[in-house]
Amino acid sequence: MSRTEQERPFAPRPLGRRRLPDEIAEQLSEMIVSGRFSAGDQLPTEATLTAEFGVGRSAVREAIAKLREAGLVETRHGVGAFVSSDPTPASFRIDAGRLQSIEALRQVLELRMEIEVAGAAMAARRRTLAQMALIDEAFAAMRARLEAGDAAVAEQREFQRVVAAATGNPYFRDFMQFLSLRIGTGIADELARSVLRGTGPADLIREHTNIVEAIRIGDPDKARRAAWNHLLRSADRLGLRGLQGWEESRMTSIGETMIPVCAAADPAPRAPRFTPPPGACDCHAHIIGPAATYPFTPHRTYTPPPAILSAYMAMLNALGLERGVIVQPSVYGRDNRCTLDATRMMPDRLRAVVVVDHTVTERELEEMHEAGARGVRLNLLFRSGIEVSDVRTMAEKVAPLGWHLQMLVDVSEFADIRETFGKLPIETVFDHLGHMPTSAGINHKGFQDMLSLMADGRAWVKLSGSYRITSEAETPYSDIAPFAREIIRANPERVLWASDWPHPYINVPMPNDGALLDMLGDWAPDAATRDRILADNPARLYGF
């Protein structure tokens with residue numbers, strides 16, 4: 001048995017939902033890049049890896065082949081796999097020996113600065129509850145070492161690793177690990193000395209506290225500022241204060257004045273080419289404002305103009321629609337007052353979909369139900385704390401009320417859709433045609449899985465938000481038509497139509513709502529099918 005197997009107990013994490021060879025390669029790569037396996041160490045045997053991961057030999061062999069292709073390991077026939085002498089990709093190198101010069105140190109720290117600032121922001125938007133726990137754990141370990149008078153260089157590296165992993169981007173994660181390893185090798189001693197000078201430990205704790213809290217609340221701009229400030233102070237401690245381009249003020253206004261402002265909806269919606277049936281419903285819209293009564297969360301990603309109830313009802317009347325479903329917009333976080341105040345004013349014509357978390361009480365849910373709420377929206381696209389385990393927890397919490405879960409998720413990037421959503425005790429609704437880019441094609445497995453759930457009567461899909469996934473700029477967004485028709489063909493009794501009014505934060509010219517409804521006429525030329533989508537289906541799901 002090698003020194004590695006004797007001195008470094010091998011305890012892999014449980015495998016997740018991706019391809020087994022990819023997950024095995026990822027875990028072994030983390031162990032190599034983080035230093036758990038050093039250059040020249042022999043990896044556990046194929047038999048050991050097979051037993052520890054609980055997989056077949058073919059999955060292990062494919063994973064080792066991936067590591068070999070990446071330059072992380074080299075295999076010796078009849079002996080096994082060994083960590084490469086320099087386990088870094090040959091196409092990009094950082095010579096640790098050169099980092100003793102100020103110029104080289106500045107160049108590499110500038111690279112780290114831009115990457116880490118972006119990474120902190122991505123982690124704030126995407127981290128799961130499990131990843132947040134790992135970030136807290138890494139920070140606690142770092143803090144304990146700093147308070148004990150140690151420079152905590154290894155703990156800082158681990159903190160950077162778990163934040164990078166929380167971006168949800170494996171390329172970003174691996175590059176951050178590469179940078180961390182090479183920079184640490186080159187300036188470990190100098191970094192340790194810089195941390196222990198003066199108030200360095202206390203400063204480092206304060207800087208990382210700000211990063212952690214920004215990631216916790218899901219504020220990407222605050223996370224950028226916190227990471228930027230930490231790296232500036234790190235440069236100061238290393239004697240690089242005042243270098244050109246490292247402006248102290250660069251991040252000071254991000255978040256206060258740089259939140260993008262959205263365009264307003266078209267104020268003159270026209271009637272569609274066909275006549276909607278009695279009871280026709282717009283199943284996804286947002287009421288926004290007035291701001292003095294309903295202030296936005298400071299952690300929003302856009303600032304919408306007012307879109308008040310009277311303007312929305314005027315739009316419905318212009319399109320010949322009688323009912324609407326008000327969906328809680330992200331700019332209000334979990335403050336559902338604006339949404340529910342609207343439904344209370346028109347209980348016969350409006351229903352609501354709210355945003356809550358695991359702390360919501362049974363009494364609060366009952367009060368929301370009385371106000372017209374019939375579902376909870378979960379954001380699995382930019383999760384900021386929402387993960388797969390939360391889906392079942394929330395489903396069980398709202399099941400007694402007969403509510404549904406409305407999922408914002410890219411079905412092309414979500415593994416095991418049927419396994420995750422097909423066994424819930426309540427109805428599931430997919431936003432915006434599954435929010436999958438049209439370039440993925442209708443044969444994509446994620447899209448087909450969503451269709452199969454519809455066909456089995458286990459899910460609903462909203463024909464909405466076409467402009468969020470189209471590659472075109474103007475209605476009728478012809479690349480959406482094949483997807484919409486496949487959704488309707490799968491099960492017309494499980495299809496809903498929605499305007500997504502007032503169309504917040506879109507990257508195409510503002511469409512007219514009448515033109516959006518005309519697209520349904522193209523997708524479903526049969527009047528009986530359209531009537532089912534517009535009136536019968538919403539009445540069943542929302543309880544009109």
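## Basis

The model is predicted, so local features need pLDDT of at least 70, side-chain atom pairs count only at pLDDT 80 or more, and totals for chains, interfaces and linings use all residues. Residues are numbered from 1 along each chain as its sequence is written, and side-chain values use heavy atoms, with hydrogens and water left out.

Helices (H or I, at least four residues) and strands (E, at least two) are DSSP runs, numbered from the N terminus.

## Helix 3

Helix 3 spans residues 46–53. Its buried residues (under 20% relative accessible area, 1.4 Å probe, protein chains only) are L49, T50 and F53. They fall within an arc of 100° seen down the helix axis, so they line one face. The arc is that of the directions from the axis to the C-beta atoms.

The buried residues of helix 3 pack against helix 2 (20–33) and helix 4 (57–69). Contact here means heavy atoms within 4.5 Å. G54 follows the helix, with a positive phi near 70°.

## Helix 11

In helix 11 (residues 309–319), the buried residues are L309, Y312, M313, M315, L316 and L319. Down the axis of helix 11 they fall within an arc of 155°, so they line one face of the helix.

Their cover includes strand 3 (281–285), strand 4 (323–327) and strand 5 (350–354). It also includes strand 10 (495–497), helix 12 (337–345) and helix 18 (513–523). Just after helix 11, G320 takes a positive phi of about 80°.

## Helices 6 and 7

Helix 6 (residues 129–147) packs on helix 7 (residues 153–165) at an angle of about 165°, with the axes 9 Å apart. Axes are lines fitted to C-alpha atoms over the stretch in contact, and angles run from 0 to 180 degrees between N-to-C directions. The two helices are therefore roughly antiparallel (over 145 degrees; under 35 is roughly parallel, 65 to 115 roughly perpendicular, the rest oblique).

Helix 6 contributes Q131, L134, I135, A138, F139, A141, M142 and R145 to the contact. Helix 7 contributes E155, Q156, E158, F159, V162, V163 and A165. These residues divide into 10 nonpolar, two polar and three charged.

## Helices 16 and 17

The axes of helix 16 (residues 445–455) and helix 17 (residues 481–490) come within 8 Å and cross at roughly 30°. Helix 16 and helix 17 are therefore roughly parallel.

From helix 16, the contact uses F447, M450, L451, M454 and A455. From helix 17, it uses F483, E486, I487 and A490.

Definitions and conventions: Buried means under 20% relative accessible area, exposed over 50%, partly exposed in between (1.4 Å probe, protein chains only). Ala, Val, Leu, Ile, Met, Phe, Trp, Tyr, Cys and Pro count as nonpolar, Asp, Glu, Lys and Arg as charged, and the others, Gly among them, as polar.
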